[in-house]
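Please keep the sequence and the model side by side while reading the points below.

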Amino acid sequence: MRVVEPGGPAAGDASAPAGAQALPTLELAFDLRSRSRLRARLSTGEEVALVLPRGTVLRDGALLAGDGLRVRVCAAPEDLLEVRAPAGGSLARLAYHLGNRHVPVEVGVDRLWLGYDHVLAEMLACLQAGLARVRRPFEPEHGAYGGGHGHAHGGHAHG
């Protein structure tokens, strides 16, 4: 049984080892990348079990390595709501209302993304937000107390 721990440079990082793009991948939606216990299948077809410390969030590009197995985590496309500010309105106001409901949100320069939810879509429509249902990878903000590192934890993947 191989043990794999979060660690190493992120994909796309200048210090990433040559051939990092050729690593087997573990493609997961955000809610799965936020779990401490998980069974999943690599791009190679190999099944692995992740056992991570509570609160660990695997980010897109994170590397898992150990016992001869190296894996790159990829954010899977998922069903999202893309939010734009109303004409003459404020994106910050929309973000405030979402934050007040503790909704994980990815913040862009001129738009927000959140997991699709019809109730939140109705609320945002009432606030005159521009809305679109999209399918793309989701990388919400870490949060003020989240640390944002995700690579220094000593979790394991068993395969």
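Is Gln 128 buried or exposed?

1. Gln 128 is exposed, because its relative accessible area is 55%. The cut-offs are under 20% relative accessible area for buried, over 50% for exposed, and in between for partly exposed, with a 1.4 Å probe and protein chains only. Gln 128 sits in the loop between α3 and β10. Its phi is positive, about 65°, although Gln 128 is not a glycine.

2. On the source: this is a predicted model, in which local features need pLDDT of at least 70 and side-chain atom pairs count only at pLDDT 80 or more, while totals for chains, interfaces and linings use all residues. Residues are numbered from 1 along each chain as its sequence is written, and side-chain values use heavy atoms, with hydrogens and water left out.

3. Overall content. The chain contains three helices and 11 strands, in the sequence pattern β-β-α-β-β-β-β-β-α-β-β-α-β-β. Helices (H or I, at least four residues) and strands (E, at least two) are DSSP runs numbered from the N terminus. Of the 159 residues, 40% are buried. The accessible surface is about 8600 Å², and carbon and sulfur atoms hold 52% of it; the areas come from the Shrake-Rupley method with a 1.4 Å probe, and for residues only the protein chains shown count as cover. Among contacts (heavy atoms within 4.5 Å) with a separation of 6 or more, 67% link residues 24 or more positions apart.

4. The four-stranded sheet. An open sheet has the strand order β8-β9-β7-β10, with antiparallel pairing. Its edge strands are β8 (106-107) and β10 (130-137), each pairing on one side only. Two strands are said to pair if DSSP finds at least two bridges between them. For β7 and β10 there are eight bridges, in the antiparallel sense, and Val 83 has Leu 131 of β10 as its bridge partner. Helix α2 packs on the sheet and touches β7 and β9; its direction makes about 25° with that of β9. Such axes are lines fitted to C-alpha atoms, for helices over the stretch in contact, and the angles run from 0 to 180 degrees between N-to-C directions.

5. The nonpolar cores. A nonpolar core is a set of buried Ala, Val, Leu, Ile, Met, Phe, Trp, Tyr and Cys residues joined through side-chain atoms within 4.5 Å. The largest one has 15 residues, and Val 83, Leu 94, Leu 98, Leu 112, Leu 114 and Leu 124 touch the most other members. At least two residues come from each of β7, α2 (91-99), β9 (112-115) and α3 (118-126). The largest share, four residues, is that of α3. A second, separate core has 14 residues, including Leu 28, Leu 50, Leu 52 and Ala 62.

6. A buried glutamate. Glu 82 belongs to strand β7 (residues 77-84) and counts as buried because its relative accessibility is 13%. Its side chain makes a polar contact of 3.0 Å with that of Trp 113. A polar contact is a pair of N or O atoms within 3.5 Å; within protein, one must be able to donate a hydrogen and the other to accept it, and residues adjacent in sequence count only if both atoms are side-chain atoms. Not counting residues up to four places away in sequence, Glu 82 touches Arg 111, Leu 112, Trp 113, Gly 130, Leu 131, Ala 132 and Val 134.

7. Strands β3 and β4 (residues 47-51) pair over five bridges in the antiparallel sense, and Glu 47 is the bridge partner of Arg 41. Five residues lie between the strands of this hairpin, where Gly 45 takes a positive phi near 100°.

8. Thr 56, in the loop between β4 and β5 (63-66), is buried, with a relative accessible area of 1%. A polar atom of its side chain lies 2.8 Å from the backbone oxygen of Pro 53. His 102, in the loop between α2 and β8, is exposed at 71% relative accessible area. The phi of His 102 is near 55°, a positive value in a residue other than glycine.
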